[in-house]
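Hi everyone, thanks for coming.

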Amino acid sequence: MEDSAGEVISVAQRRLKSRQAIGPYDRADLSKAIDDAADFLGAAGKFNRVSALVELEARTAVTIGRTTKLVDETGHVRWYFGERQRTGPFFRRYHDYLIDYEGWGTAAVDGLGDATDQILEQLEDPQRTGPWDRRGLVVGHVQSGKTANYTGLICKAADSGYRLIVVLAGMHNALRKQTQQRLDRDFLGFSTLPVPDGTPRETIGVGHINQNLHADFITNQAINGDFNRNRVEAQGTGPGEHALLLVIKKNGSVLRNLNTWVRDFLVRRGDTRTVPLLVIDDEADQASVDTGDQDFDDGVPDPDYEPTRINGQIRALLDAFDRSAYVAYTATPFANILIHDERTAERFGADLFPKSFIVNLSAPSNYIGPAALFGINGDTSGEVPPPLPLTRPVDQVVEGWIAAPHRSDFLPLFGNERRIPPSLEDAILAFILVCAARRARGNPTAHNSMLIHVSRFTAVQLLVHGEVDTWFKDVARQLRYRTGTDALIERMKRLWEDDFEPTTTLVADTAYGRDATPLNWNAVEPELAAAVEKIVPRLVNSQISEPLDYEAAKDHGLNVIAIGGDKLSRGLTLEGLSVSYFLRQSLAYDSLMQMGRWFGYRPGYVDLCRLYTTDDMIEWFRHVAKAAEDLREQLDHMAALGSTPKDYGLKIQSHDLLLVTAQNKMRYAEEVQVTFAGEGKNQTVFSTDSARIKQNADAIASLLVDAGEPASTGLAGDAVWTGVDGALVASCLAGMFFPAESYNVNGLRLAQYIRAQFEHAELTDWTISLRAGEGPKLKVGPREIKTVRRAPVGGRVKAGRHIIQTILSPRDEAVDLDDTQFKAALAITNTKRISKGLGGAEIPGGQEIRHIRGLGNPATGIDGHPERGLLLIYPLSPEEAGLSIDVPIVGLVVSFPASKTARPVTYRYNSVLSRLELQIQ
């Protein structure tokens, strides 16, 4: 039945495409296309029509936004246009395969084509003679399809004439094998598994579209199929007429053997002078970054310096070829941007700083990322909807099963017994329900995965696997044989009716919910036994060499509970991941984000997905989501201003958001230079302790009294003060209490920064705006004002904390701009939005407001005023936090003007934070 549905959907999609119409299509068009395709195939009544219609709608509605990039054209010769840009056979085959076999919509494939065009045009023409070297960075999203992007790039590179293509694929054999399998399917078109001489290779993937394209390979799909110098030399394989593909693990010994082969074989043949090399570095922030300490003498790097092994071998490979291009891919680029842009060494060449370009990929419209799952702290764009209701809190302290942190000899106990805690029981039962529900929705052979990630130690993971396996086998036995199941069935029924059914209803009202087909318990319960029969708990860590083989199980589906640690945190794909149980703590943004394997695409079952984790971890991810979005916003802003990667890199190195990776990856940022110029600090976490609330209210009251009479007032009690001395603002901030979780607003740090700018005649002149809302009136010092209502995230107040998504109303940050400045900031905002394929806005973005305030726009005669800061004060209604007190919860937004001369303030990690960050690597 499922095969019939797939054929019907593919035919319907091709027929829609043949009409030359651009989606989205309405339901009537899609319904007719399904019926016409079913009639054509004689498949009427042989497939689930509702599921097919939902799938077709999802395919045709998915789009990919525009790509933005920073470019340095130094030494670059434009070449990828006109006839050279015309789609070649490798990419045309891949394009058709994605649509006909993988279910991609036309708009999504076209977006992929546009993004890879923009990357390839920044590489050098492989037919260009003479030496050239291009190095770039592609910033994607976790689990968003980076492999699909670089596969498209490989296809276009092969079409254009790149003859040696090396893919650096993670640090584990399983990940290297997974990447090789993917490129066999999507680029080569045949399996590279070893076969006896004379035996034809199995045609797979794109080979079913066109078997007449040829590319060579050296590495293969076998678990030991990595680069082997002896095997390669025995075969005599080398770059020839066709593109030659190598998929290599990031391992010092493997890379050293590759470089030895290059030196002893390719150099001797003259290939390194004539063959164009393309290196694609997947997960480029892991292992590729040099963590050594290179000396600089009067700004000149030590030429005899020897980098860390993997970094040095990658650089040596690039340095061996006269014509080379290096493209780093990662979703967490902080460490890559922090690479010193002038590091070089005599035997290894330049370091891997992305000197030529940085490309910011847009995620497809159906991507479930951090913003969709957690929300974004401080978002004011109006474009980020509330988070999806898919997280479920785990009280790690109360259950006490897994301590944080713990050592490798830790024994997980619940109630002094070797058993899993109730929260993990619920998570596993939820996974069984997901498998049953997907069967009930007409997907009995779909892959389904659950992730359990609670420790980085393999010894602890083994114990966890044992506990999970014991408990799960008992549940499976009860469901299979219906022995003693009454209590279990009742528990699962409550979980379905109290959790899944209302969640499906909530998700159905979101942009991701068009395919959330409601199911009642009577539809799910009959599928439980068949669902649990296929589920297997599996240990997935560095001690297990074989990866999860979803491809081998494609006909019947692989349902797995994957228990692991670091191996699950980088690149390894968990197909059909629906339930995640995550207690692993990390203080480094890049490592934390990479652990989020639950990001990605969930067509037809996003409403069934669950993430069980702690409240603290949810807040960490919300904060990291904001950091990542801020980083992308800066990249887009710098691109709009025509900056180069080196400009961007220098700015990032002095930015407080990038205290986000292991200390040894920030070799040149141990004493971190922090400048808040051009940034807005938006408070989203507040203490609910009445004494702390009163302390902050008193501090603000004193500030307003010292500020004198306001320049303007409103009927609701709001007011604006101008020309306020910066010293008063700094003193007020330094005297206020901010919770430790209030990462974005730290009063003492902000006060130190403000005072440091006085020597440069900056931040001396402040506007203060006290904002009113629609809540009950309360007094703020001498003024009575209507308070602002801000509901807590998730509808509940965490113990001791009132956490909101944002405090800032979008127009408020422009309160100190005149009409000319407002229009100038709006013009920059809309130029950037249009370049990304978005519609025009009515309110300028915060970054553009701060840019115009501080730097002005000399071309239009607008002067900049870096001396002018803005403090927005929001008196929040305590009722929203469940409090009955007579003073408001004071919330702040501190808006710093952009500046070219702001003086950074230096901070240093203490030993605790340094140790924690190093521990998670």
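Let's start on the surface, where Asp293, Asp295, Asp297 and Asp298 gather in a patch of negative charge. A patch here is built from residues with over 30% relative accessible area and no salt bridge, with like charges joined within 9 Å and nonpolar side chains (Val, Leu, Ile, Met, Phe, Trp, Tyr) within 5 Å. Lys and Arg count as positive and Asp and Glu as negative, while His and the chain ends are not counted. The place of a charge is taken as NZ of Lys, CZ of Arg, CG of Asp or CD of Glu. The accessible areas come from the Shrake-Rupley method with a 1.4 Å probe, and for residues only the protein chains shown count as cover.

Before I go on, a word on what you're looking at: this is a predicted model, where local features need pLDDT of at least 70 and side-chain atom pairs count only at pLDDT 80 or more, while totals for chains, interfaces and linings use all residues. Residues are numbered from 1 along each chain as its sequence is written, and side-chain values use heavy atoms, with hydrogens and water left out.

Is aspartate 298 buried or exposed? It's exposed, with a relative accessible area of 77%. By the cut-offs, buried means under 20% relative accessible area, exposed means over 50%, and partly exposed is in between (1.4 Å probe, protein chains only). Aspartate 298 sits in the loop between strand 7 (296-297) and strand 8 (300-301). Helices (H or I, at least four residues) and strands (E, at least two) are DSSP runs, numbered from the N terminus.

Now for opposite charges. Side chains of opposite charge can pair when their charged atoms come close. We call it a salt bridge when a side-chain nitrogen of Lys or Arg is within 4 Å of a carboxyl oxygen of Asp or Glu. How many salt bridges does the structure hold? The count is 45.

Take lysine 32 and aspartate 36, whose side chains meet in a salt bridge at 2.8 Å, N to O. Both lie in helix 2 (residues 27-41), four residues apart, and that is about one turn of the helix. Lysine 32 is partly exposed at 49% relative accessibility, and aspartate 36 is partly exposed too, at 25%.

Another pair is arginine 263 and aspartate 264, with a salt bridge of 3.4 Å, N to O. Here arginine 263 counts as exposed at 51%, whereas aspartate 264 is partly exposed at 27%. There's also a network of salt bridges, linking Glu102, Arg182, Arg185 and Asp186.

Let's go inside. In soluble globular proteins, nonpolar side chains tend to be buried together. A nonpolar core, as used here, is a set of buried Ala, Val, Leu, Ile, Met, Phe, Trp, Tyr and Cys residues joined through side-chain atoms within 4.5 Å. Which residues touch the most other members of the largest core? Ile432 and Tyr581 do, out of 88 residues. The largest share of this core, twelve residues, comes from helix 15 (residues 422-440). A second, separate core has 50 residues, including Ala707 and Leu876.

Most residues other than glycine have a negative phi, and most peptide bonds are trans. The peptide bond from alanine 404 to proline 405, though, is cis, with omega near -5°. Proline 405 is in the loop between helix 14 (396-399) and helix 15. Asparagine 416 lies in the loop between helix 14 and helix 15 as well, and its phi is positive, near 60°. Asparagine 416 is exposed, at 73% relative accessible area. Alanine 287 has a positive phi too, near 75°, and is found in the loop between strand 6 (277-282) and strand 7.

Last stop: residues separated along the chain. Threonine 151, in helix 6 (residues 146-160), is buried with a relative accessible area of 0%. Threonine 151 and phenylalanine 187 are 36 residues apart in sequence and 6.9 Å apart in space, C-alpha to C-alpha. Isoleucine 314, in helix 11 (residues 309-320), is buried at 1%.
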